[in-house]
Amino acid sequence: MMPYILAAIGVIILILLVTNIQVVQQSRAFVVERLGAYQTTWGVGLHIKLPFVDRVAKRVSLKEQVVDFAPQPVITKDNVTMQIDTVIYFQIIDPKLYAYGVEHPMSAIENLTATTLRNIIGDLELDQSLTSRDHINTQMRAILDEATDPWGIKVNRVELKNIIPPRDIQDSMEKQMRAERERREAILQAQGQKESQILVAEGEKQSAILRADAAKQAAILEAEGQAAAILKVQQALADSIKLLNSANPNDQVVKIKALEAFQAAADGKATKIIIPSEIQGLAGLAGSVKTIFSADDPK
């Protein structure tokens, strides 16, 4: 009979030993009480608690947690009621404070978030509330982090997920945005037309400059051609005089050449030509010769 009793006692001891072995996983912590009072906090690893004396009062996750609270009604400084929902990112850094600091920590954080949000938004007007999300997030995170320190909670970040103004305000905002888009479109069209007109005027200016430059070049070329022609005539005249001088002409030849020059100068257009006395005789002789040749002309 005794062996059975010993075996039963051994089995009970083994069962008690097995049931009182606790393994704490990574990123978790166990708050242990002994006879109803806080004893210790178990970290990662294998732990054995005393049967009937020790008790795991709280199993705490040390990971960062996210809580999305329902939209809360808030009133702005200019008396506009909006619905705002927030997202809280927090982490438990002290399991003992978390276990004994506050009853129902999540409910406490939600209520604290709602009151903090109402206080901050109450100091802002509607436009400021819609454009100052970063400022609101920073203020809320600082206030919540300080308030939750006694609870062993660290608030890492606060985000305003949605800001929902009343329907009439939304309609007014949409109309304002539509008017702003139309204004920007009109400005862009006006700027496009202005740039187009500037480009056309610039093109006409460049065209006029090119035409003027072409006319200038043509005038220069024409003047250079006339100058070259005059230079060639003068050169030919100089060459002829040089050849005449080299031939050593007598006075009669010189007088005849002078008479030819007078005829060329008249060119049938002069009404009166004054002939020097020394070549008047040659003029008569030349007229007689011209008459003889005209008589012999078979016409």
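Modeller: I start with the basis of the model, then the overall fold, then the salt bridges one by one.

This is a predicted model, with local features needing pLDDT of at least 70, side-chain atom pairs counting only at pLDDT 80 or more, and totals for chains, interfaces and linings using all residues. Residues are numbered from 1 along each chain as its sequence is written, and side-chain values use heavy atoms, with hydrogens and water left out.

The protein has eight helices and nine strands. Helices (H or I, at least four residues) and strands (E, at least two) are DSSP runs, numbered from the N terminus. Buried residues make up 21% of the 299 residues. Buried means under 20% relative accessible area, exposed over 50%, and partly exposed in between (1.4 Å probe, protein chains only).

Now the salt bridges. Side chains of opposite charge can pair when their charged atoms come close. The search of the whole structure finds seven salt bridges. The cut-off is a side-chain nitrogen of Lys or Arg within 4 Å of a carboxyl oxygen of Asp or Glu.

Take Lys161 and Asp68. Their side chains meet at 2.8 Å, N to O. Lys161 lies in strand β9 and Asp68 in strand β6 (residues 64-68), so the pair ties together parts that are 93 residues apart in sequence. Lys161 is partly exposed at 42% relative accessibility. Asp68 is partly exposed too, at 43%.

Next, helix α5. Asp145 and Arg141 form a salt bridge at 3.8 Å, N to O. The two residues are four apart in α5, so about one helical turn separates them. Asp145 is buried, with a relative accessible area of 14%. Arg141 is partly exposed at 29%. Lys154 joins in: Arg141, Asp145 and Lys154 are linked in a network of salt bridges.

Helix α6 (residues 167-246) holds another pair. Glu180 and Arg183 sit three residues apart there, about one turn of the helix. Their side chains meet at 2.5 Å, N to O. Glu180 is partly exposed at 28% relative accessibility, and Arg183 is partly exposed at 42%.

A nonpolar core is a set of buried Ala, Val, Leu, Ile, Met, Phe, Trp, Tyr and Cys residues joined through side-chain atoms within 4.5 Å. The largest one has 29 residues, and Met82, Ile84, Leu117, Ile136 and Met140 touch the most other members. β8 (81-92), α3 (105-121), α5 (133-148) and β9 (153-164) each supply at least two residues of this core. The largest share, six residues, comes from α3. A second, separate core of five residues includes Val24, Phe30, Val32 and Val56.

Val32 leads on to a strand pair. Val32 stands opposite Thr40 in β3. Strands β2 (residues 28-34) and β3 (residues 37-42) run antiparallel, joined by five bridges. Strands count as paired if DSSP finds at least two bridges between them. β2 and β3 form a hairpin with two residues between them, and Leu35 in the turn has a positive phi of about 55°.

Residues 24 or more positions apart account for 62% of the contacts with a separation of 6 or more. Contact means heavy atoms within 4.5 Å.
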